[in-house]
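Hi,

Here is the structure I promised to pass on to you. Please have a look at it first, and then read on for what turned up in it.

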Amino acid sequence: MKLWYSFTKELNLSSKSWYFYIELGMAIVLLMVLLFVVPEDFDSKSEEYIYLDVPEIVKARYRDSLEDEDLDELYQIIEVEADNKIFQAEFYETEESKIYILDSMEALNAFSSVERVPTVHIRVNEDNQIIHTYYLQGYETQKLKNLLLVFQNRKAGYDLIEDYSDNISVKSLNQNIEPLSDRESIIPVFLTFNGSLMSLFIIAAYIFLDKNEGIIKAYAVTASSVWHYLLSKTGVIIVTSIVTSLIITVPIMGLQANYFAMLLFIITSGFFAASLGLYITSFYKDIVQAFGVLYIVIVIMIMPNISYFTPSWDPDWIKIIPSYVMLQSFKEIISINGNITYVLVASLGFAVLGLDIFILANHRFKKTLTL
Amino acid sequence: MIRKILLIFKRDLKVSVRNFITLYIIVVPIIFAVIINVFSPGINDTTVEIVLIEGENQQQGEFFQQFAKVEFLDSLDELEERIKRRDNIVGVIPDKKDDYFILTQGNEPDYVVDYVKNLVSFDHYNINLEDSQAEIVDYGRDIPPLKRLMVNVATIFTSVLGGMIIALNIVEEKTDNTISAIHLSPVSRLGFIAGKSLIGVFVPVVGTFLMLFITGFRDINYFHVFLMIGSSCVISIMVGFIEGINNDDVMNAAGNIKILFLPLFGSVAGAELLADKWQPFFYWIPFYWTYKGNNLVLSNSGTWLDIIKYSGIVLGISIIVFIVLAPKIRKGLE
């Protein structure tokens, strides 16, 4: 009862604070960014710049084959700019790439040297062979260079090889799993950082504020116990997280997300993060002193993002960082047929860990009332 | 005057070192640098990624490794799990006969699948790098663009951190009520501001230079670097003062600093991802110009005129902000 009372009181107080509205405003800004700035899927069409330094008859053959692939089977003559000069180019747009046929070696140099895009110079050598010269920047790996080289192997174009390659069967795992679009897959990042992890810092800031004003000491002489106070603070922060997370998720994901799992996960992971924040806070007098530790925590928590966006980098040690689990869980929550068992296990883990840390923190706070 | 300014700087430095913040904030760029160094070799690999079953066909694995990033996993289940993740990795798996089939997630671009199909058949027919009719020419620029981007963002971040130290210092002075005490001392208000600002330049400059050195940007024009950091520090310092003065408690400062990061990352994303017609939306953000200027400095392709132009714009925006907010700052320091 007393706990409920202090919780509603805290909620009431914070609903009047500037901070609460920053959180709400921030969630709306993030939503706007997702809706209007981030494209549904990033434009991943590659751009190819080619200069055909070959007899007209060969050129015509290239043109024909490019036009076959072109979306409207016609090319356009357009103007392109490089190194502050305007050049003419034939432009082909296929399903996967944009191809520019440049009109001079000068244009090719301008693109490769000044604009720093890869270009290809196609010419005929003394033995009447067609030679592709790739202009790269220098940071490309040997693997990429080898790949370019092997595709221009004299034998690579033989019918026998093409037939063999066409007959390799391709099986796809995705019969019932719809992958998230690029926009949707950013949501877990926002949820993890705006929701769960911010709890850690916000609760620290809250507590330091109250420490300064002697509220924690005052609690010692009231009928209520310190853990009531700590838990009601945590509760307020979790409520804020729930609201902001819903603001971001509902307009984009609609009914696709599993909101029950999401609610559960925000509560447990938020509780964990807030308890950790409380525990760290209990060691320091003010936020300036705690700043360093909080900073290191934030840097560690950011690392799993890199693995989230480049899955090929996924060492085992990164998997024990809590934000890694949070990112994965939020991803499962918003995916169709997501792995809810993973989310439930993670929730249980966070709840148990959070409770342990909370008890520790409570113990420290009781002991250090005089801080 | 100069001596007094330096005294204030020395005092701030001492206080910050005692609190470990400055130390942390100087260490942070080094952490950034190390992280960037650890990741950038992986970033370079823009080629195809293939996953194979460990020990199934060693020769094939070695062949693929010449051209693609190859991972080996123990079982078919692990392979499927790996393919389901976000990137475009593709599995090559033996079927019942002597052949192979390709396992995809289903959302890979066709060219990735085509590359892998071709590589499988090249391996089958023993086609390798000999007899290639291609040549490769490069410009010897060995720093990948993504690494440049990360260093660039980290540089801006570092200058913002400088502003944060100032904000924290001022909030601290406020709670200790030492600001009013300083008016009784012979330090002028301008001297006080200058003294307080020094740390906001010192920390980012040292941090950034260390970071550039560690990440391997050693052949760039360090004077250009200094100009760009200097100008972006001015805006961070201003933000630091405003944060410090307007916020009586850390709670609000934390919220406000969060808002500050939005234009920072927004302008980087805008400059990198959006088409030209959207660019004017970012012109008011100083970080946008800092980002563009830094990019030129880091790729060593900026002329003096470019650098002066970009740092000048940042400085100009700072001056406008200062003129608008000067009365507030003055009042806050009273």
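Predicted model: local features only at pLDDT ≥ 70, side-chain atom pairs only at ≥ 80, totals over all residues.

H8(B) covers residues 189–215 of chain B, and its 27 residues should span 39 Å at 1.5 Å a residue; the end C-alpha atoms lie 40 Å apart, so the two values agree. After the helix comes Gly216(B), with a positive phi near 95 degrees.

Staying in chain B, have a look at helix H9 (residues 222–246) and helix H11 (residues 286–298), whose axes come within 10 Å and cross at roughly 170 degrees. An angle over 145 degrees counts as roughly antiparallel, so that is how H9(B) runs relative to H11(B). On the H9(B) side the contact is made by His224(B), Val225(B), Met228(B), Ser232(B) and Ile235(B), and on the H11(B) side by Pro286(B), Thr290(B), Gly293(B), Asn294(B) and Val297(B). By class, the residues of this contact are 5 nonpolar, 5 polar and no charged.

Now to chain A, which has 13 helices and 7 strands. Of its 371 residues, 36% are buried. Taking contacts in chain A between residues at least 6 apart in sequence, 71% join residues at least 24 apart.

Which residues of the largest nonpolar core touch the most other members? They are Leu200(A), Ile203(A), Ala204(A), Leu278(A) and Ile333(A), in a core of 63 residues. Several helices of chain A give two or more residues to this core, including H2 (18–37), H9 (226–253), H10 (259–281) and H13 (340–367). H7(A) gives the most, with 15 residues. If you zoom in on Ile203(A) and leave aside its neighbours within four places in sequence, you will find it in contact with Lys233(A), Thr234(A), Ile237(A), Ala274(A), Gly277(A) and Leu278(A). Another core, of 49 residues, lies apart from the largest one, and Val171(B), Leu212(B), Ile235(B) and Tyr288(B) are among its members.

H10(A) also packs with H12(A), at an angle of about 170 degrees and with the axes 10 Å apart. This angle makes the two helices roughly antiparallel. Ala261(A), Met262(A), Phe265(A), Ser269(A) and Phe272(A) of H10(A) meet Pro322(A), Met326(A), Ser329(A) and Ile333(A) of H12(A) in this contact. Here the classes are 7 nonpolar, 2 polar and no charged residues.

Elsewhere in chain A, helix H4 (residues 105–114) has Ala107(A), Leu108(A), Ala110(A), Phe111(A) and Ser112(A) buried. Their cover includes strands E1 (46–53), E2 (76–82), E3 (85–93), E4 (97–102), E5 (119–124) and E6 (130–136) of chain A. Arg116(A), which follows H4(A), has a positive phi near 60 degrees.

Why does Ser165(A) count as partly exposed? It has 19 C-beta neighbours inside 10 Å, whereas a buried residue needs 20 or more. Leaving aside its neighbours within four places in sequence, Ser165(A) is in contact with Lys117(B), Asn118(B) and Ser121(B).

Best wishes

Definitions and conventions: Residues numbered from 1 in each chain as written. Chains lettered and ligands numbered in written order. Helix = DSSP H or I, 4+ residues; strand = E, 2+ residues; numbered from the N terminus. Buried ≥ 20, exposed ≤ 12 C-beta atoms within 10 Å, placed from the backbone. Contact = placed C-beta atoms within 7 Å. Axes fitted to C-alpha atoms, helices over the stretch in contact; angles between N-to-C directions. Parallel < 35°, antiparallel > 145°, perpendicular 65-115°, else oblique. Nonpolar A, V, L, I, M, F, W, Y, C, P; charged D, E, K, R; others polar. Expected span 1.5 Å × (residues − 1). Core = buried A, V, L, I, M, F, W, Y, C linked by C-beta atoms within 7 Å.
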